Amino acid sequence: MLRKHLRRVLPSHQSIRDNRYIARFGHRLQHHNLWHLHRRSVAGGIAAGLFAGLIPGSNPVQFTAGALLAVAFKVNLPLAVLVTLYSNPFTIVPLYLLAFEIGAWFSGTQNGVVSQPAFPELHWHNLMHELWSWMMMLGEPFLIGLPLLAASLAII
């Protein structure tokens, strides 16, 4: 019953191919795995979204990364973009702290005892520069832990 409902709601391959916005990108966005729900496509789309969701930056950066990963691996594009929303203003701080702890554990920094770095005072005129400086202050544990956590979430 769910499958019938989804077939009615989801666009057909022909309607995707004929869409004027998608047609601009040629064959890159017309692969059937990018738009249809089946086991490999859905699992891959979720994995791509989980990985892209931890990329530092705002949602458009994560959406773009999720879409690029979906196109590169030919997995479900809408799911890859949608799943990146798990990292939001409420969850990103605990996720980044977990990544920092994982990186500290793997790198052996301070024998597992990690002092939490202070978050800087942000000003709108140079927000990205200050965020980048703060991330560089986190150093090796964060740069090791973030890809490890992203890969672990994608694999799981």
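A contact, as the word is used here, means heavy atoms within 4.5 Å of each other. In this predicted model, residues 24 or more positions apart account for 59% of the contacts in the chain with a separation of 6 or more.

The chain has nine helices and zero strands, and its order along the sequence reads α-α-α-α-α-α-α-α-α. Of its 156 residues, 29% count as buried. The chain exposes about 10300 Å², and carbon and sulfur atoms supply 69% of that area.

Several helix pairs can now be taken in turn. Two packed helices are described by the angle between their axes and the distance between the axes. Helix α4 covers residues 39-52 and helix α9 covers residues 140-155. These two helices pack at an angle of about 160°, with their axes 8 Å apart. Angles over 145 degrees count as roughly antiparallel, and α4 and α9 are therefore roughly antiparallel to each other. Their crossing is right-handed. On the α4 side the contact is made by Ala47, Leu50 and Phe51, and on the α9 side by Pro147, Ala150, Ala151, Leu153 and Ala154. By residue class, this contact of α4 with α9 divides into eight nonpolar, no polar and no charged residues.

Helix α4 also packs against α5, at an angle of about 145° and with the axes 9 Å apart. The crossing of α4 and α5 is right-handed. Here Arg40, Ala48, Phe51 and Ala52 in α4 meet Gln62, Ala65, Gly66, Leu69, Ala70 and Phe73 in α5. The residues of this contact divide into seven nonpolar, two polar and one charged. Phe51 of α4 takes part in the contact with α9, and Phe51 is also listed in the contact with α5.

Within this second pair, Gln62 may be examined individually. Gln62 is placed in helix α5. Its relative accessible area is 2%, and Gln62 is buried because the cut-off for that class is under 20%. Leaving aside neighbours within four places in sequence, Gln62 is in contact with Ala52, Gly53, Ile55, Gly57, Thr84 and Ser87. Ala52, one of these partners, belongs to the α4 side of the contact between α4 and α5. The C-alpha atoms of Gln62 and Ala80 are separated by 9.7 Å, and the two residues are 18 residues apart along the chain.

Lys74 is found in the loop between α5, residues 59-73, and α6, residues 77-83. Phi of Lys74 is near 55°, a positive value in a residue other than glycine. At 37% relative accessibility, Lys74 counts as partly exposed.

A further pair brings α9 together with α7. These helices pack at an angle of about 110°, with their axes 6 Å apart. That makes α7 roughly perpendicular to α9. From α7 the contact draws on Leu95, Tyr96, Leu98, Ala99, Phe100, Ile102, Gly103, Ala104, Phe106 and Ser107, and from α9 on Glu140, Pro141, Phe142, Ile144, Gly145, Leu146, Leu148 and Leu149. The residues of this contact divide into 14 nonpolar, three polar and one charged.

Pro141 lies in helix α9 and is buried, with a relative accessible area of 7%. Apart from neighbours within four places in sequence, Pro141 is in contact with Ala99, Phe100, Gly103, Ala104, Ser107 and Thr109. Among these partners, Ala99, Phe100, Gly103, Ala104 and Ser107 are listed on the α7 side of the contact of α7 with α9.

Thr109, by contrast, lies in the loop between α7, residues 92-107, and α8, residues 127-138. At 24% relative accessibility, Thr109 counts as partly exposed, whereas Pro141 is buried. Thr109 and Pro141 are 32 residues apart in sequence and 7.3 Å apart in space, C-alpha to C-alpha. Not counting residues up to four places away in sequence, Thr109 touches Ala104 and Pro141. Ala104 is also among the contacts of Pro141.

Methods
Residues are numbered from 1 along each chain as its sequence is written. This is a predicted model: local features need pLDDT of at least 70, side-chain atom pairs count only at pLDDT 80 or more; totals for chains, interfaces and linings use all residues. Side-chain values use heavy atoms; hydrogens and water are left out. Helices (H or I, at least four residues) and strands (E, at least two) are DSSP runs, numbered from the N terminus. Buried means under 20% relative accessible area, exposed over 50%, partly exposed in between (1.4 Å probe, protein chains only). Accessible areas come from the Shrake-Rupley method with a 1.4 Å probe; for residues, only the protein chains shown count as cover. Axes are lines fitted to C-alpha atoms, for helices over the stretch in contact, and angles run from 0 to 180 degrees between N-to-C directions. Angles under 35 degrees count as roughly parallel, over 145 as roughly antiparallel, 65 to 115 as roughly perpendicular and the rest as oblique. A crossing is left-handed if the near helix is turned anticlockwise from the far one by less than a right angle, and right-handed if clockwise. Ala, Val, Leu, Ile, Met, Phe, Trp, Tyr, Cys and Pro count as nonpolar, Asp, Glu, Lys and Arg as charged, and the others, Gly among them, as polar.
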